[in-house]
Amino acid sequence: MGCAGSRDKGDETSKKIRKPKAWKHSEPITRAQLMQMREEFWDTAPHYGGRKEIWDALRAAAEADLSLAQAIVDSAGVIVQNPDLTVCYDERGAKYELPKYVLSEPTNLIHDS
């Protein structure tokens, strides 16, 4: 029994990841505009603090399906505050805030025909 107990501490803090609740952008946007916003966020976010490898892991998680995203944040040691990944921390306590637009599409996305 003694050895296996060391993992339990982390398990109670980790939350099951889920997609953010449906949200709407201030105005209807195209997929291209959404991709542009995401690119700008990921380019600038690491400059506001935190560790690059955590930002990289969060980006990979944001762009993956949920089960893979869960594995990515678990292996990177990310502490998920909000199950939709909008607020996370690393082991050092640095805060990482992700806008909904990097995690899911708005309800008013313009689908190019």
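1. Leu58 touches Trp42, Val73, Val78, Cys88, Tyr96 and Leu98, leaving out residues up to four places away in sequence; contact here means heavy atoms within 4.5 Å. The model is a predicted one, in which local features need pLDDT of at least 70 and side-chain atom pairs count only at pLDDT 80 or more, while totals for chains, interfaces and linings use all residues. Residues are numbered from 1 along each chain as its sequence is written, and side-chain values use heavy atoms, with hydrogens and water left out.

2. Leu58 is also among the residues with the most contacts inside the largest nonpolar core, together with Trp42, Trp55, Val73, Leu85 and Leu98. This core has 22 residues; a nonpolar core is a set of buried Ala, Val, Leu, Ile, Met, Phe, Trp, Tyr and Cys residues joined through side-chain atoms within 4.5 Å. Buried means under 20% relative accessible area, exposed over 50%, and partly exposed in between (1.4 Å probe, protein chains only). At least two residues of the core come from each of α2, α3 and α4 (66-76), and α3 supplies the largest share, six residues. Helices (H or I, at least four residues) and strands (E, at least two) are DSSP runs, numbered from the N terminus.

3. Helix α2 spans residues 31-44, 14 residues in total, and reaches 20 Å from its first C-alpha to its last, close to the expected 20 Å. The expected span is 1.5 Å times one less than the number of residues. Its buried residues are Leu34, Met37, Arg38, Phe41 and Trp42. They lie on the same side of α2 because they cover an arc of only 125° around the axis, the arc being that of the directions from the helix axis to the C-beta atoms. These buried residues pack against β1 (29-30), α3 (52-62), β4 (95-97) and β5 (109-110).

4. Leu85 is found in the loop between β2 (79-80) and β3. Leu85 counts as buried because its relative accessibility is 3%. Its phi is near 70°, a positive value in a residue other than glycine. Most residues other than glycine have a negative phi.

5. Asp90 is located in the loop between β3 (87-89) and β4, and counts as buried at 2% relative accessibility. Its side chain reaches the backbone nitrogen of Ala94 at 3.0 Å. The side chains of Asp90 and Tyr96 are joined by a polar contact of 2.7 Å. A polar contact is a pair of N or O atoms within 3.5 Å; within protein, one must be able to donate a hydrogen and the other to accept it, and residues adjacent in sequence count only if both atoms are side-chain atoms.
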